[in-house]
Amino acid sequence: MTPDDIDIVRHPTARRVKLAFDPASGRVRLTVPKRASAKKALAWAAGYGDWIAAQRARLPEARPFVPGATVPFGDEVLTIEWQEGASRIVRRAGDRLMLSGPRETVARRVEAWLRREALRLLEADTAHYAALARVTVEKVAIGDPRGRWGSCTSKGSIRYSWRLVLAPEAVRRATAAHEVAHRVHMDHSPAFHALVAELYGSDPTPHRQWLRANGASLHWYGRSSSDGG
Ligand SMILES: [Zn+2]
């Protein structure tokens with residue numbers, strides 16, 4: 001294990017050295033208190049080499065967007081079909097995602113298509129729950145955060161991970177209901193959870209659990225194993 005494998009994070013209020021593994025990125029994070037020695041912390045972490053190796057061995061498989069690969073899309077599975085040609089347009093036909101154009105840009109264009117679809121679907125989900133909750137949503141945006149699936153600002157902007165489009169539809173919709181409910185309650189109080197269930201129409205707990213159990217694997221789509229972080 002070399003320092004290259006580990007992200008060292010200086011933490012102003014941490015009391016002790018802490019080691020964590022992020023299955024979404026495959027990176028090891030070593031939290032070091034402000035004045036502690038990084039060298040000593042690394043030596044301490046070296047004692048956990050077996051644990052880190054075990055975590056790495058259990059990482060989800062990288063699923064690059066290459067011709068012939070399959071991509072989960074809501075409750076469906078799409079197959080990427082590339083053929084020689086000039087058009088750069090990505091087109092869905094049934095369960096096929098068809099494109100031509102430069103082969104080396106296939107991955108980038110497939111991801112761009114998925115991001116557009118994610119925005120379209122999540123805007124619709126958000127509008128649906130916002131109407132039920134009688135709240136306004138200033139703006140819906142998508143990004144690719146590692147640690148969260150959605151966030152809602154006090155000003156009413158909601159931001160989602162585009163990777164929700166890779167999850168089952170119920171999971172995506174339950175996440176939208178969760179974020180819209182934050183337009184009423186900016187906390188995770190019992191009243192907030194009651195409102196999420198009311199908006200969603202049933203208990204969303206299984207869908208949160210699905211994300212906890214499978215969320216990391218969604219971060220490995222569109223990546224080749226050599227991507228590193
Ligand atoms: Zn929340």
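## Salt bridges between strands

A salt bridge here is a side-chain nitrogen of Lys or Arg within 4 Å of a carboxyl oxygen of Asp or Glu. With that in hand, let's walk through this predicted model. A search of the whole structure turns up eight salt bridges, and a few of them are worth a visit.

Start with R92 and E76, whose side chains meet in a salt bridge at 2.8 Å, N to O. R92 sits in strand β6 (residues 90–93) and E76 in strand β5 (residues 76–82), so this pair ties together parts that are 16 residues apart in sequence. R92 counts as partly exposed because its relative accessibility is 32%. E76 is also given as partly exposed, at 36% relative accessibility.

Since E81 belongs to strand β5 and R96 to strand β7 (residues 96–99), the pair ties together parts that are 15 residues apart in sequence. E81, at 32% relative accessibility, counts as partly exposed, and R96 is partly exposed with a relative accessible area of 33%.

What does E111 pair with? Its partner is R115, and the closest N and O atoms of this salt bridge are 3.0 Å apart. Both E111 and R115 lie in helix α3, four residues apart, which is about one turn of the helix. R115 is partly exposed, with a relative accessible area of 26%.

Follow the chain on from helix α3 and you will find V135 in the loop between α3 (106–133) and β8 (139–143). Is V135 buried or exposed? At 19% relative accessibility, V135 falls under the 20% cut-off, so this residue counts as buried.

Setting aside neighbours within four places in sequence, V135 is in contact with A130, V180, R183 and V184. For a sense of distance, the C-alpha atoms of V135 and R116 are separated by 24 Å, with the two residues 19 apart along the chain.

## The zinc site

Which residues hold the zinc ion? The protein donors are H178, H182 and H188, each through its NE2 atom, lying 2.1 Å from the ion.

H182 counts as buried, at 9% relative accessibility, whereas H188 counts as exposed, at 52%.

How values were computed: Residues are numbered from 1 along each chain as its sequence is written. This is a predicted model: local features need pLDDT of at least 70, side-chain atom pairs count only at pLDDT 80 or more; totals for chains, interfaces and linings use all residues. Side-chain values use heavy atoms; hydrogens and water are left out. Donors are N, O and S atoms within 2.8 Å of the metal (3.2 Å for Na, K and Ca); water is not among the atoms, so sites may look incomplete. Buried means under 20% relative accessible area, exposed over 50%, partly exposed in between (1.4 Å probe, protein chains only). Helices (H or I, at least four residues) and strands (E, at least two) are DSSP runs, numbered from the N terminus. Contact means heavy atoms within 4.5 Å.
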